[in-house]
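Please look over the sequence and the model shown here.

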Amino acid sequence: GMNLDAAIVIAEREDVLRLPRSVIRDAADGSPIVLVWENGQEVERPVTLGLHGNLFVEILSGLADGERVVAR
């Protein structure tokens, strides 16, 4: 009865914008979007994704640091 826990790191980046995977949605055409709170309402915003982890996804473009993202 021996067990082993291991993690294999394929790629890693620091100081990146990331969001929980659950916040990323699919637009009608299948492209990734997030809901952003803008001028008092929810607005769909297309984003470009980078590295994907178990919990988080890197955001390469389409969202700036400090913008409010709607999560449900």
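The report below takes the sheet, some single residues and the pocket in turn.

## Basis of the model

This is a predicted model, in which local features need pLDDT of at least 70, side-chain atom pairs count only at pLDDT 80 or more, and totals for chains, interfaces and linings use all residues. Residues are numbered from 1 along each chain as its sequence is written, and side-chain values use heavy atoms, with hydrogens and water left out.

Strands here are DSSP runs (E, at least two residues), numbered from the N terminus; helices would be H or I runs of at least four residues. Two strands pair if DSSP finds at least two bridges between them. Strands of a sheet pair through backbone hydrogen bonds, either parallel or antiparallel. In this model, three strands make an open sheet in the order β2-β3-β4, with antiparallel pairing. β2 (25-26) and β4 are the edge strands, and each pairs on one side only.

Two bridges join β2 to β3 (residues 32-38). Arg 25 stands opposite Ile 33. Asp 26 has Pro 32 as its bridge partner. The hairpin of β2 and β3 has five residues between the strands, and Gly 30 takes a positive phi near 90° there. Six bridges join β3 to β4, again antiparallel. Val 36 in this pairing has Val 43 in β4 as its bridge partner. The β3-β4 hairpin has two residues between its strands.

Where does Arg 45 sit? Arg 45 is in strand β4, residues 41-46. Buried means under 20% relative accessible area, exposed over 50%, and partly exposed in between (1.4 Å probe, protein chains only). Arg 45 counts as buried because its relative accessibility is 17%.

Which side chain makes a polar contact with the side chain of Arg 45? That partner is Glu 67, at 3.0 Å. A polar contact is a pair of N or O atoms within 3.5 Å; within protein, one must be able to donate a hydrogen and the other to accept it, and residues adjacent in sequence count only if both atoms are side-chain atoms. A polar atom of the Arg 45 side chain also lies 3.0 Å from the backbone oxygen of Gly 62. Contact in the wider sense means heavy atoms within 4.5 Å. Leaving out residues up to four places away in sequence, Arg 45 touches Pro 32, Ile 33, Val 34, Val 36, Glu 38, Gly 62, Leu 63 and Glu 67.

Is Glu 44 buried or exposed? Glu 44 counts as exposed because its relative accessibility is 56%. In a regular strand the side chains alternate between the two faces of the sheet.

Beyond residues up to four places away in sequence, Glu 44 touches Ile 33, Val 34 and Leu 35.

## Positive phi outside glycine

Asn 39 is not a glycine, yet it has a positive phi of about 55°. Asn 39 lies in the loop between β3 and β4. Asn 39 is exposed, with a relative accessible area of 77%.

Asp 15 has a positive phi too, near 55°, and is also a residue other than glycine. Asp 15 is found in the segment before β1 (18-20). Asp 15 counts as exposed, at 81% relative accessibility.

β5 and β6 pair in the antiparallel sense over three bridges. Thr 48 stands opposite Ser 61 in β6. Three residues lie between the two strands of this hairpin.

The largest pocket has a volume of about 480 Å³. On a 1 Å grid over the protein atoms alone, a pocket is an open set of points where a 1.4 Å probe fits, with protein on both sides within 12 Å along at least five of seven lines; lining residues have an atom within 4 Å of a point. The volume is the space filled by probe spheres set on the points, which are joined across faces, edges and corners. Of the 16 lining residues, Ala 11, Glu 12, Leu 51, His 52 and Gly 53 lie nearest the centre. β5 (48-52) and β6 (56-61) are the elements that give two or more residues to the lining. β6 gives the largest share, three residues.

By class, the lining has nine nonpolar, three polar and four charged residues. Ala, Val, Leu, Ile, Met, Phe, Trp, Tyr, Cys and Pro count as nonpolar, Asp, Glu, Lys and Arg as charged, and the others, Gly among them, as polar.
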